[in-house]
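Here is a short briefing on a ligand and the protein around it. Look at the structure first, then read on.

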Amino acid sequence: MAENKPKPKVKKNEVQMPKQDPKVRGKNFDEVALGYTKEQVLEEANRCLQCVKPKCIPGCPVEIDIPAFVKLLREEKYAEAAAELKTKNALPAVCGRVCPQEEQCQKECIVGKIGDPVSVGRLERYLADWERERGFVISNKAPSTGKKIAVIGAGPAGLTVAAELAKLGHGVVIFESLHLPGGVLMYGIPEFRLPKSIVQAEVDYIKKLGVELREGYLIGRTHTIPELLNNDFDAVFIGTGAGLPKFMGIPGEELGGVYSASEFLIRVNLMKAYAFPEYDTPIRIGKHVVVIGGGNVAMDSARSALRLGAEEVCIVYRRSRDELPARAEEVENAEEEGIICKFLASPKRFIGGEKGWVKAMECICMELGPPDASGRRRPIPIKGSEFTMDTDTVIIAVGRTANPIIQRTTKGLEATKWGTIVTDENGKTSIDGVYAGGDIVTGEATVISAMGAGKKAARAIHKYLMKKK
Amino acid sequence: MTKTELAPKLKLFEVQAPDIAAKSQPGQFIMILAHKKSERIPITLAGYDRQKGTVSFVFNEVGKTTKELGLLGEGGTIKSITGPLGNPSEIKNFGNVLCVGGGVFIAPLLLQVKALRKAGNKVTTVIGARIKDLLIYEDELKALSDKFYVATDDGSKGYKGLDFLKEILEREHFDRCLTMGPVVMMKNVCEITSPLNIQTVVTLTSIMIDGMGMCGVCRVTVGGKMFFTCVDGPEFDGHQVDFEGLINRQRLFLPEERLSSVLWELGGCNCGRK
Ligand SMILES: Cc1cc2nc3c(=O)[nH]c(=O)nc-3n(C[C@H](O)[C@H](O)[C@H](O)COP(=O)(O)OP(=O)(O)OC[C@H]3O[C@@H](n4cnc5c(N)ncnc54)[C@H](O)[C@@H]3O)c2cc1C
Ligand SMILES: Cc1cc2nc3c(=O)[nH]c(=O)nc-3n(C[C@H](O)[C@H](O)[C@H](O)COP(=O)(O)OP(=O)(O)OC[C@H]3O[C@@H](n4cnc5c(N)ncnc54)[C@H](O)[C@@H]3O)c2cc1C
Ligand code: SF4
Ligand code: SF4
Ligand code: FES
């Protein structure tokens with residue numbers, strides 16, 4: 001196996017990921033990126049220099065020991081390599097697919113200085129898939145502590161807290177308000193980027209650690225946090241995410257054919273409207289779809305609309321290409337599939353046609369002024385530059401804010417004016433024994449940062465419980 | 001689960017859901033997912049028994065989801081129920097209250113009338129339906145209310161239409177009106193009470209998916225502002241509601257709903273249901 005030994009000279013270019021042809025994939029919901037073959041994964045793994053002071057690890061919010069798992073991988077010790085991943089990351093198949101690696105682990109990779117950085121995410125994905133296809137091995141658990149924790153929300157933050165605490169021997173119950181676990185992984189990110197069977201399998205792994213999952217429990221309504229603390233539980237973790245859709249407050253938002261991205265994606269992903277009428281939840285897509293926004297959510301909505309049969313999908317973004325917040329890879333995928341981007345424009349109103357259905361949108365052109373609080377250049381409307389475009393379907397993807405139900409129903413829980421929950425650096429809230437993390441604390445962020453927050457909170461909760469006795 | 005047929009196509013289910021029963025209050029609703037491939041649909045609570053740990057609700061078989069639900073037998077199981085959702089009704093001693101219920105919503109109205117009576121109110125109840133066969137809980141409501149009236153669209157029983165409400169309101173002073181039923185009926189009631197300045201509470205039935213504030217499909221315009229029915233409602237000040245907008249939004253998926261219902265009745269979609 002000489003070829004698997006580290007090569008003295010590193011190849012500059014990463015091994016490309018095989019993908020479905022854009023013409024074909026624009027019509028189906030199957031996964032776009034097909035994953036490496038064994039040869040490809042070993043070739044890519046061999047590009048890692050096994051740095052003594054690796055720059056990649058600090059870039060990963062859950063601090064995966066990247067050189068260690070890569071070493072095991074290229075020695076073809078797949079099971080050990082996967083186990084190494086699992087010590088730090090309970091959802092590697094998810095992260096390997098949706099982490100913005102270019103901003104995280106791969107950003108400072110030393111190989112990146114002379115060429116493409118090592119594709120850490122793709123290696124991670126390969127191992128996670130390898131392990132899942134063979135059935136998970138459950139690692140050893142600490143003996144039971146007799147303590148019980150309620151985790152609210154089965155998104156990445158909640159699932160991570162649950163897995164960590166279960167491994168430490170605590171009893172964990174997750175309360176999830178929807179009928180399926182996974183949070184945004186299940187209801188937001190589309191099937192073609194993250195197959196739902198994978199989310200399901202990773203959740204099943206967490207259940208096998210002994211975590212109990214109760215679906216259909218909206219905390220704040222079915223139970224409140226004080227009730228949980230008074231009854232069964234020694235501590236509570238809140239991981240309820242940023243699920244509240246924002247609208248723009250412009251005329252015509254009540255028209256038919258105007259969806260929030262959340263509604264659109266929930267219909268398509270969680271309720272599987274793309275398989276209507278086999279599944280009962282309908283969705284109606286017109287010929288000319290407009291998506292407003294420039295983040296991952298906008299890209300996901302646009303690419304879903306295309307797959308549902310739209311003739312033309314246009315993303316309208318108020319800044320320019322340089323400011324697009326979506327991952328570069330996803331923008332590239334979207335454009336390959338034929339999605340059009342219209343920059344420096346913003347809607348002013350939606351115009352209704354027959355039967356209260358939208359038929360056009362009036363926009364105004366923008367120019368970029370000096371940077372605003374977000375550090376990006378502020379868009380300024382150009383007077384008199386209004387124009388109208390025909391559209392029969394509008395998807396509003398201009399952001400989501402914190403879910404408010406818990407804050408409204410929990411006395412003494414400190415929140416910011418944006419509705420996010422205030423915590424210290426370990427996730428502790430203003431109430432003793434109540435912790436929080438993920439999008440509900442930071443506002444919309446990433447899967448892995450939610451998991452990182454979950455990890456920190458799990459450590460803090462463990463300390464708190466062991467001290468409490 | 002137990003099941004009772006109250007009238008043609010109107011079914012009463014009582015299901016085991018102790019955690020929901022423990023928290024339920026009049027005016028709240030639940031989201032039901034009948035099976036894995038169903039739609040999630042909202043249904044108002046018609047009753048709850050904290051001791052038995054059950055909640056009950058009445059539904060009208062109008063489309064595929066409710067027809068399928070209606071086929072579930074005694075002892076059957078529903079895949080998932082979430083609740084109680086929405087804000088509970090404001091129940092206190094208002095004085096003299098007029099309650100107007102229509103169709104399937106007569107069932108949850110009964111719960112409200114009980115609570116309002118218990119809080120010390122004088123209650124006049126009006127129930128209405130398309131035809132006399134669809135009137136439910138007549139005896140119970142008659143026994144509970146201080147005054148009681150019946151109306152049908154075709155005049156097959158009681159008054160024909162709701163115009164007689166004007167006379168009642170001329171004769172007697174009411175401090176509050178509460179109405180739940182088809183949107184058009186609630187709109188008519190509001191048109192009658194509005195000139196008299198009687199505070200009128202309506203229960204809005206926008207299309208919903210999650211029922212907990214995550215999708216925004218249930219948005220309604222009340223007093224010129226946008227609200228989400230599921231978390232801000234379902235009860236609103238009827239004189240402020242944009243009913244035309246609500247009616248339009250309720251009809252958005254009519255073609256798809258018809259298709260789904262027809263395919264199901266033909267049994268021809270072969271999608272491997274249980
Ligand atoms: C369309 C879309 C695409 C995205 N793409 C990416 C990507 O490519 N890469 C990336 O890193 N990030 C992406 N993100 C962001 C990422 O998904 C989120 O940052 C992450 O999921 C946050 O995790 P969380 O656990 O905090 O919350 P969530 O994933 O939102 O989970 C919260 C869970 O709590 C439940 N819940 C809410 N309230 C209650 C309650 N009161 N009681 C019980 N349960 C409750 C919700 O139903 C939900 O299941 C994307 C987001 C969206 C919407
Ligand atoms: C807060 C609330 C409380 C309700 N309480 C009751 C009740 O106690 N009893 C009862 O019989 N019905 C109630 N409804 C209405 C009930 O949800 C609909 O009848 C049901 O969803 C119809 O589904 P279907 O597939 O059988 O019919 P479909 O053929 O899909 O639709 C028939 C009509 O029902 C409405 N509808 C369809 N889908 C939804 C949806 N997802 N959410 C809301 N409305 C929808 C539409 O106006 C549609 O035109 C309530 C609705 C709301 C919003
Ligand atoms: S979890 Fe994400 S950031 Fe961490 S190593 Fe994996 S891909 Fe990189
Ligand atoms: S920085 Fe790059 S080359 Fe160095 S260990 Fe990490 S992945 Fe390998
Ligand atoms: S039903 Fe989704 S926000 Fe109300």
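Ligand 1 lies between chains A and B in this predicted model. A total of 37 residues surround ligand 1, each with a heavy atom within 4 Å of it.

How to read the values:
- In this predicted model, local features need pLDDT of at least 70 and side-chain atom pairs count only at pLDDT 80 or more, while totals for chains, interfaces and linings use all residues. Residues are numbered from 1 along each chain as its sequence is written, chains are lettered from A and ligands numbered from 1 in the order in which they are written, and side-chain values use heavy atoms, with hydrogens and water left out.

Shell:
- The closest residues are Val98(A), Ala157(A), Glu176(A), Arg193(A) and Asp439(A).
- By class, the shell has 20 nonpolar, twelve polar and five charged residues; Asp, Glu, Lys and Arg count as charged, and Gly is among the polar ones.

Polar contacts (N or O atoms within 3.5 Å):
- The side chain of Glu176(A) places an N or O atom 2.6 Å from an oxygen atom of ligand 1.
- A polar backbone atom of Val184(A) is 3.0 Å from a ligand 1 oxygen atom.
- For Ala445(A), a backbone N or O atom lies 3.0 Å from an oxygen atom of ligand 1.
- The protein covers 97% of the 1000 Å² of accessible area that ligand 1 has on its own (Shrake-Rupley method, 1.4 Å probe).

Elements:
- α12 (296-307) of chain A is one of the elements that each supply at least two shell residues (helices are DSSP runs of H or I, at least four residues).
- α12(A) gives the most, with three residues.

Note on methods:
A polar contact is a pair of N or O atoms within 3.5 Å; within protein, one must be able to donate a hydrogen and the other to accept it, and residues adjacent in sequence count only if both atoms are side-chain atoms.
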